[in-house]
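Trainee: Could you take one part of this model and go through it closely with me? I'd like to look at the aromatic rings and what surrounds them.

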Amino acid sequence: MKPVKRVVIAGGGTAGWLAAALLTRQIGKLVEVTLIESDEIGTVGVGESTIPTVRAFHTLLGIDEQDFVRETGATFKLGISFEGWSQPDSRYIHSFGTLGTSTWMADFHHFWLEARAQGSNAELGAYCVEHEAARAERFAGRPETKLNYAYHFDAARYARFLRERCEADGLTRIEGRITRAERDPETGDIAAVVMADGSRIESDLFIDCTGFRALLIGDALGVPYEDWSHWLPTNRALAVQTAAVGPAVPYTRATAHDAGWQWRIPLQHRVGNGIVYCSDHLSDDAAHQRLLGAVQGKVLTDPRLIRFQTGRRAKAWEHNCVALSLAGGFVEPLESTSIHLIMIALTRLLQLFPFDGVNAPAAARFNDMSRREIEGVRDFIVLHYHLNQRNEPFWRAHREASLPDSLAQRIALFAESAQAFQASDELFTVTSWVQVMLGQELHPAGHNRVARLMPPGRLKEVLGNLSGQVGATVAKLPPHQAFVDRMVAPDPVPLRARA
Ligand SMILES: Cc1cc2nc3c(=O)[nH]c(=O)nc-3n(C[C@H](O)[C@H](O)[C@H](O)COP(=O)(O)OP(=O)(O)OC[C@H]3O[C@@H](n4cnc5c(N)ncnc54)[C@H](O)[C@@H]3O)c2cc1C
């Protein structure tokens, strides 16, 4: 085996720069890292909403939150508001918090279901601080609060922010177009990439971050793409930026329309908007009109069409090439999971890093974990589409389509007994599954009856105390926009939650 001393990252989108940032900072003294990007080709230009795991990754990169928020135009995110997903006028928030207090025998929602059965009309969200803070558009960061939060950020500024850090840490950046990859005739490994000017760049390990082009994992190595469009048929997005017209809310909005859905991501300096749709049900022209008809504020950019196919590469790591993000697979951005999948793949790559030479067992382990993660995300997204009660042909087809077995079993379990679970390698928590299943009006036939063992009146009292505490905590939080304004002010005074 040939020791890995050089790593070439092909592509400078969010995936490429995150890879460069982690590698240079964590193992830059052991391997030489080079990133190649093409200004002429550019990046996909979207991907601005995240989930809370981003904060742990930023800690690995030594990122100061205030620097990050200032330089990337970031705002804070406590969840996603799903509008029109069950019925056209319905709304629920999938928040990042934890619901109430669970016991070893039953998760909190079983107690809530029992209280409902006994006549309570309190909403489930009343027992979750992040949910109520999102609804009230309030926010304060850590350490003053224990809110579980993520960010919205400007993707172009984020790439620049990461690039500056990487270059300070000694990364070599090459601007230019890769035309092809050369393979070693004996091993089949990628030996070098060949640039448009004829130069060759050799490496021991290549990270394919070339986006949907998948130049290395797809074109050079021929790893097939597993198509999931029978489960998730949306295949187009149109993205446009608009000026902000009001205070930024601490959540992403995902509003369903008759052939897909529309996102709204509030940043400090603008709003990111986009429409996701299925081309069998909506033409590009109609999507264009619908998007521009629905946005608020001055339109700042031309709408940009992005074509995609939901699915994944059969292997993310093949020979001496590891594919990240769009090059390795894509599940539509409904739950903002792609950037998380880049980050988790990178932490895993460093844990399995083939310092002594690329080896098949490490690749197999990496591939197995990547597969399970993205399948878990896929099931969670399919759930949102499946549990709808809308009447348009697009939605009826989703309701009637077959499900991955793993998801069908999970839905049946919840429908019968309100049981939800998070397997050890799964991203989404019980709270997430429960918020979406109940939010989309999957009302379970039964639940764990352990709450009936409580003395008369005790369940009501406990739930009342819990929602009272949640309400009191939220009332002390400043408005989200005010918190952001203070954080980015030239001479910032942190705006804290009131004691
Ligand atoms: C519509 C849509 C909305 C999304 N929203 C979200 C979201 O809210 N949250 C989230 O987590 N994720 C989201 N994603 C996913 C997210 O955008 C990506 O995970 C992220 O941007 C990473 O993309 P990338 O770096 O793989 O590809 P890209 O951004 O496409 O970058 C590819 C890079 O490769 C370079 N390149 C390509 N070919 C060559 C060549 N021949 N030579 C040299 N360089 C080359 C390009 O110049 C570029 O630098 C969304 C995706 C889509 C399609």
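**Rings around a helix**

Mentor: Let's start with F355, which counts as partly exposed because its relative accessibility is 31%; the scale runs from buried (under 20% relative accessible area) through partly exposed to exposed (over 50%), with a 1.4 Å probe and protein chains only. F353 sits at 6%, so that one counts as buried. Keep in mind that this is a predicted model, where local features need pLDDT of at least 70 and side-chain atom pairs 80 or more, while totals for chains, interfaces and linings use all residues. Numbering runs from 1 along each chain as its sequence is written, and side-chain values use heavy atoms, with hydrogens and water left out.

Now the pairs. Rings of Phe, Tyr and Trp (its six-membered ring) pair if their centres lie within 6.5 Å; planes under 30 degrees apart are stacked, over 60 edge-to-face, and the rest tilted. That rule gives 28 aromatic pairs here. Take W317 and F366: their ring centres are 5.6 Å apart and their planes at 75 degrees, so they're edge-to-face. This pair joins distant parts of the chain, 49 residues apart, with W317 in strand 19 (residues 317-318) and F366 in helix 10; helices (H or I, at least four residues) and strands (E, at least two) are DSSP runs numbered from the N terminus. Both W317 and F366 are buried. Back to F353 and F355, then: they make a tilted pair, 4.7 Å centre to centre with 55 degrees between the planes.

What about the helix? Helix 10 has 27 residues and spans 38 Å between its first and last C-alpha, close to the expected 39 Å, which is 1.5 Å times one less than the number of residues.

Finally, the core. The largest nonpolar core has 73 residues, and W85, L383 and Y385 touch the most other members; such a core is a set of buried Ala, Val, Leu, Ile, Met, Phe, Trp, Tyr and Cys residues joined through side-chain atoms within 4.5 Å. Helix 10 (residues 360-386) supplies its largest share, seven residues.
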